[in-house]
Amino acid sequence: MTKPRARKISSKKHPRAPEPVRRVCILTGGGDAPGLNAVLRAFVKTCCELDIEVYGSEDGFEGLIQPDRLVKLRSASVRGILPKGGSILGCSNRANPFAYPRHDKRGREHFEDVSDVVLRRIHDHEIDVLVMVGGDGTMSHAQAFMKRGLRVIGVPKTIDNDLAATDYTFGFDTAVDTATWAIDALHSTAESHDRVMLVELMGRYAGWISLYAGIAGGADVILIPEIAYDVDRVVAKIQERASRGVTFSIVVVGEGAKPRGGKESTISKGRAGHLARLGGAAHGLAEQLKGRIPHEIRVTVLGHLQRGGTPSSFDRLLGTRFGVEAAWLCARGETGKMVALRGQQIVSVPIEDAVGHAKLVDPNGELVQVARAIGVELGA
Ligand code: F6P
């Protein structure tokens with residue numbers, strides 16, 4: 001991280017800044033992730049030190065679409081929020097400014113491009129830079145606004161850890177901890193009842209949460225979206241354990257996992273500009289296992305527990321580092337960038353590098369090999 005030299009911002013001292021940055025707006029887009037408040041706290045505190053005025057947009061883009069939803073953020077506004085989950089600004093993954101849901105008189109939903117409304121509000125409030133904290137969707141909005149002349153900065157966020165331009169996103173570590181705790185808890189009850197316990201974890205099309213928590217929690221089978229599974233192998237693993245007198249098994253199922261030749265299980269299709277809701281992968285597997293193993297089967301869908309609760313120290317620290325770097329980028333007028341973690345370093349990368357490249361688990365990578373080495377069944 002390179003600290004800006006000057007406290008007062010002037011275009012003379014920062015030749016890359018065409019206009020001095022005096023007022024910025026920050027929003028937390030998409031779903032929440034533990035560590036968002038650490039970002040907001042660090043960003044606001046650093047901006048205040050640099051004499052940059054900060055506004056917050058409530059509920060993601062909603063605050064820039066609806067009137068009276070912009071709030072002034074001062075150091076006092078972010079006091080005491082570090083251990084809190086969620087975002088003090090609120091989040092929304094419905095407020096897509098390029099496909100914003102509206103309802104006609106009959107209550108039918110349609111989608112409108114309201115990006116002009118956002119641009120007008122930013123202009124009217126004399127906001128110099130819009131800082132967007134979010135995942136792939138939010139970064140693609142950042143890119144689209146950039147093309148329309150807005151000065152933007154991105155901060156990567158998702159529990160799924162699937163953004164290619166950064167090694168880690170905050171929220172992931174807390175989600176993995178929660179999922180590991182759940183797998184630990186399921187072990188004792190599975191063992192007491194000689195059951196096969198299936199636990200469905202979040203992560204969308206990336207198996208990071210499942211692989212990390214599955215290995216950390218000692219799961220017997222881990223099914224991830226990147227490796228289509230053969231149910232026969234899952235059955236064989238459970239039978240092999242039973243033949244050794246181990247009468248229970250723990251099966252981690254990533255929500256995007258799919259059987260060989262099959263598709264992901266979805267709760268609802270993606271609407272215009274919005275992603276599909278995944279769900280049902282573990283119940284689908286339970287159906288396939290029924291009658292093929294003698295055990296009772298139970299399914300736990302961990303769901304949004306993985307997104308809630310107090311952030312881990314790792315996520316608080318990463319969020320804080322990202323927040324400070326975002327403020328420093330504002331001060332230097334270095335827009336069009338997303339902050340990122342590369343190795344141990346906080347860096348910034350062009351926003352276009354962050355959009356549309358999902359970081360997925362390598363099916364032949366080290367982590368998968370580690371799982372296989374300790375006897376975990378991956379379904380293929
Ligand atoms: O992208 C984060 C995430 O929690 C995914 O892991 C999950 O599939 C999705 O969001 C859930 O979204 P929602 O909160 O809209 O149900």
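Colleague: Is Arg69 buried, partly exposed or exposed?

Modeller: One reads this from relative accessible area: buried is under 20%, exposed is over 50%, and partly exposed lies in between (1.4 Å probe, protein chains only). Arg69 has 22% relative accessibility and therefore counts as partly exposed. Please note that this is a predicted model, in which local features need pLDDT of at least 70 and side-chain atom pairs count only at pLDDT 80 or more, while totals for chains, interfaces and linings use all residues. Residues are numbered from 1 along each chain as its sequence is written, and side-chain values use heavy atoms, leaving out hydrogens and water.

Colleague: With which residue does Arg69 form a salt bridge?

Modeller: A salt bridge requires a side-chain nitrogen of Lys or Arg within 4 Å of a carboxyl oxygen of Asp or Glu. Arg69 pairs in this way with Asp59, their closest N and O atoms being 2.7 Å apart. Asp59 is partly exposed, at 26% relative accessible area.

Colleague: How far apart in helix 7 are Lys237 and Glu240?

Modeller: Lys237 and Glu240 stand three residues apart, which means a separation of about one helical turn. Their side chains form a salt bridge at 3.7 Å, N to O. Lys237 is buried at 14%, whereas Glu240 is partly exposed at 31%.

Colleague: How many salt bridges does the structure hold?

Modeller: The structure holds 22. Glu325, Arg332, Glu334 and Lys337 are linked in a network of them.

Colleague: How many salt bridges cross the interface of domain 1 and domain 2?

Modeller: Domain bounds come from an automatic or database assignment; here it gives domain 1 (23-170 + 311-354) and domain 2 (173-307). The rule finds one salt bridge across their interface. Contact, meaning heavy atoms within 4.5 Å, involves 18 residues of domain 1 and 17 residues of domain 2. Buried area is the accessible area (1.4 Å probe) that two parts lose on being put together, summed over both; the two domains bury about 1500 Å² between them, 50% of it on carbon and sulfur atoms. Phe111, Ile159 and Asp160 supply 35% of the area that domain 1 buries against domain 2, more than any other three residues.

Definitions and conventions:
Helix = DSSP H or I, 4+ residues; strand = E, 2+ residues; numbered from the N terminus.
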